[in-house]
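Open the model in your viewer and keep the sequence panel beside it. The stops below go from one selection to the next.

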Amino acid sequence: MNGKDLRPRDISIMGDQLTQLTVADLKPLPAPFDKPEMEPGIRMGKPEWAEKYNAHLDGFIAIDNFKRPQTKEEEDELVQKFLHGVEKMLSLDTNAGILQALNLSMEYCAKCNTCSNACHIFEATGGHELYRPTYRAEVLRMIVKKYFDKNGKLIPGGKKGVMVKFIGGDIDLNWQTVARLGEAAYRCNLCRRCAQTCPLALDNGLLAREIRKIFSQELGYAPIPLHEKGTQLQLKTGSSTGMSKVPFLDTVEFLDEDATDLFGEGVTEYKTPMDVEGADILLLHNAGEFNAWPENPMAFTMLFQEAGLSWTLSSEICGYDNVNYGLWYDDAQARKVAVKQNEVAQKLGVKRIVIAECGHAHKAAAIFADRLYPGKDRVPVQSFLPLMRDLVLSGTYEIDPSRNDFPVVLHDPCNYVRQMGIVKPQRDILKYIMKPGHYGNMGLPYYEMKEHGVNNYCCGGGSGFAIMNSMNFPAFRDNVAHRKKLSQILEAFGPELMENTDVPKYICAPCSNCKGAMRSIIEHYELERFNVHYGGLVELICNAMTKYSTPFMEFLRDE
Amino acid sequence: MILTLICWVALIAFIGLSVKKFMEYGKMPQHGRQDLYPIPLESDEKMHYGGSYMEDDKWYEKERHHNLKGEIIDMLVEMLFIKKLFVNQNNFWWLSYSLHLGMYVAIAWSVLMLFGAFLPAGILHTAAVLLGTLCGIVAGVLMTVGCIGLLCKRLFVKEFKNYTTPQEYFNLVILMATSAAGLLVWLGDMQFEFGRNIAHAMFTFSPLSAYYADGVPVMLTVFILLLAFISVYIPLTKLSHYVGKYYTFHKVIWDNEPNMPGSKVEANIIAAQSKPKDPNALKWSAPHWNPAPPTEEQK
């Protein structure tokens, strides 16, 4: 169906794929991607997937453990289980922790579409109705209006008659409605930019997450990278990477050796403290850093050691991986991980937990977990950013900004910027460590994106997208979800700088998930040819330290 | 006397049902944090760029200062001008604000009618009559124009039409009909004497017909019935977003109060956790919510 004509009730149309995105639908990119040959194609799924999985929305598959019902009985069972899930979503018994906010968002939408203008995914698709933030929310509202009374109790068979149509419950609920709605919940990054602009402060991101919760918590369907190979693996082995204690300890030891060899200058031996009881700080890294971006935890070790901090890592389960994928789809999983992380800190007797460069881990530990249990039982949680800002600005490290004489654009991770209000420390650091006068915009020694700070756009990897690499979901992520961020990066650097391949350009994304997104953007759009690099913030600090004769940044070393 | 009684029932119902709704939301349990910045409760320095107390090292050791001034200013700006809509969707704001401003002026009109009904003849009475006349005309025109504009938008612009329910059309039609009826009554009563008559009848418990030698005009009766209907209808529907908006801002996206030992947040958590568990309560069904007991081997 044409993307402009699609109505919420059309989600129930029985048949094959509801709609399909094409490259022609997508919003054009700025230079140098303004030529048709620069646009990578969209990889669609295999036709046979429709028989086994749920490829009936737009052909992309996020919920890769969903099996298409094969009989009428299975179809009916899916619908009934979904309705029971909605009932639990609306119940104080099962969803008290969000019910007030949920009910407000369910009741008061004025359909003004202000949220749509704020959504990077809706914009990227050229205004395709399926991706309008209110689309899935409205389908959910229609189902609730038809099948539930005002107290949230399920009405078997649903309401009948003219009144239900009058109030907006005009929808057929069949297995495809359910399956498509579940997929539609994974066409949103949960960045909550829409809620920020809503005149009534209603939250489509919250509603998308509630749909995801129904699928996971009631139906048992969630993307394998988030659940089976995410939270389940983390709770079993200690990390969503599958890295258990011994390999973790080996990796840290190897990184310490690497740091000592490369930057110790024959004088300093870098040693990451492990399981130190009574330390001031328990530093929680995203364990993915150790495998994908080891220079990041290495930089933390160097900076913390140079500052003489009392700190430690933990080798306990969940103690060396700050990720909490439950934040994106499942309250029980989020709770289990958060509780374990707090227990690790309590057992060590540390005074505080400091979250390293991982946005969703910030939100999970500091915001989601904040009201899980009484305050007296919580070890205080804070971001690495204020700590690092104070260390850098107080002169703890001898900094030579001229070492950072290359263009850097700052990306703001939604989870700790828009959703925690940590905006300024990273900017204070960059102003201190970047060479002024040569590169940058707005009078700064670095580049701000046009919409930045709390008005930032999601990288497109938010809410799990960055790690959801199964089936053809990466095609949606890379072509659609990442599109706005790519545009912002291209616009910030400008065409002239982009096409100057002699100048290395650095995307500073102080968040593991966002770095995953940047990696996908660079790979998909082949930005290596423009000499574009990415990484975190602590790497830039190390790179500016006069103590080290070797540049910390590998791309500078190669030169 | 029936019309006077209807006016009282409508007024009491409006206030009562709005308070009921407010209390229903207020009684709901404390939810998980949904911070969304900028939050005006933060200090003047931080709130302008969206910063929070979490930008400070060891924030939990520092005293928090709630910026009441910032909260009130932000709240008033949003209530009076619908700033978010103005900033984020300006073309829609003109129509929506026309309707909302019309309602605000209509409330002012009601108050002026009350004053005009009971103030003794003199300068204050004259002022109330003149201002009331001005407010009545402005309110009627703004509301009618706003409703018609929004109705057209929802009827003819696909991206609005596809999401608008029959009830939402009805909401606009009934508001438009009420304001238009008010304007029609005014055409035969250019100084809104009928408004003061209604107010006087209500507060002296007199029949409205006592003010009209030839009986209450039909158009005025229609207007009163429509006004009474929307007064009862609004709090029962999502038109009661004046209630919801308080909670969505103050109790949802601006509620960034941390769970500190000894805090009210902590007390709420302890109270919730100490409630006895209902064995018949609903439970989520997925396997990871109901893990099977460990096998001997797993033990």
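**Where the chains meet**

Start with both chains shown: their contact takes 73 residues from chain A and 70 residues from chain B. Bear in mind that this is a predicted model.

**The cores**

Now turn to the largest nonpolar core, which has 200 residues. Select A:Ile355, A:Val408, A:Val409 and A:Ile541, the residues with the most contacts inside this core. Domain 1 (8–221) and domain 2 (232–558) of chain A each supply at least three residues to the core.

Centre the view on A:Val408. Which residues is A:Val408 in contact with, leaving aside its neighbours within four places in sequence? They are A:Met434, A:Tyr446, A:Tyr447, A:Tyr506, A:Cys508 and A:Leu540.

A second, separate core has 36 residues, including B:Met113, B:Ala201, B:Phe223 and B:Ile234.

**Two helices of chain B**

Stay in chain B and select helix α1 (residues 2–26) together with helix α9 (residues 193–203); they pack at an angle of about 85 degrees, with their axes 9 Å apart. An angle from 65 to 115 degrees counts as roughly perpendicular, so α1(B) is roughly perpendicular to α9(B).

To see the meeting point, show B:Thr4, B:Cys7 and B:Trp8 on α1(B), which meet B:Ile198, B:Ala201 and B:Met202 on α9(B). By class, this contact has 5 nonpolar residues, 1 polar residue and no charged residues.

Methods
Residues are numbered from 1 along each chain as its sequence is written. Chains are lettered from A and ligands numbered from 1 in the order in which they are written. This is a predicted model: local features need pLDDT of at least 70, side-chain atom pairs count only at pLDDT 80 or more; totals for chains, interfaces and linings use all residues. Axes are lines fitted to C-alpha atoms, for helices over the stretch in contact, and angles run from 0 to 180 degrees between N-to-C directions. Helices (H or I, at least four residues) and strands (E, at least two) are DSSP runs, numbered from the N terminus. Angles under 35 degrees count as roughly parallel, over 145 as roughly antiparallel, 65 to 115 as roughly perpendicular and the rest as oblique. Two residues are in contact if their C-beta atoms, placed from the backbone, lie within 7 Å. Ala, Val, Leu, Ile, Met, Phe, Trp, Tyr, Cys and Pro count as nonpolar, Asp, Glu, Lys and Arg as charged, and the others, Gly among them, as polar. A nonpolar core is a set of buried Ala, Val, Leu, Ile, Met, Phe, Trp, Tyr and Cys residues joined through C-beta atoms within 7 Å. A residue is buried if 20 or more other C-beta atoms lie within 10 Å of its own, exposed if 12 or fewer, and partly exposed in between; C-beta atoms are placed from the backbone. Domain bounds come from an automatic or database domain assignment.
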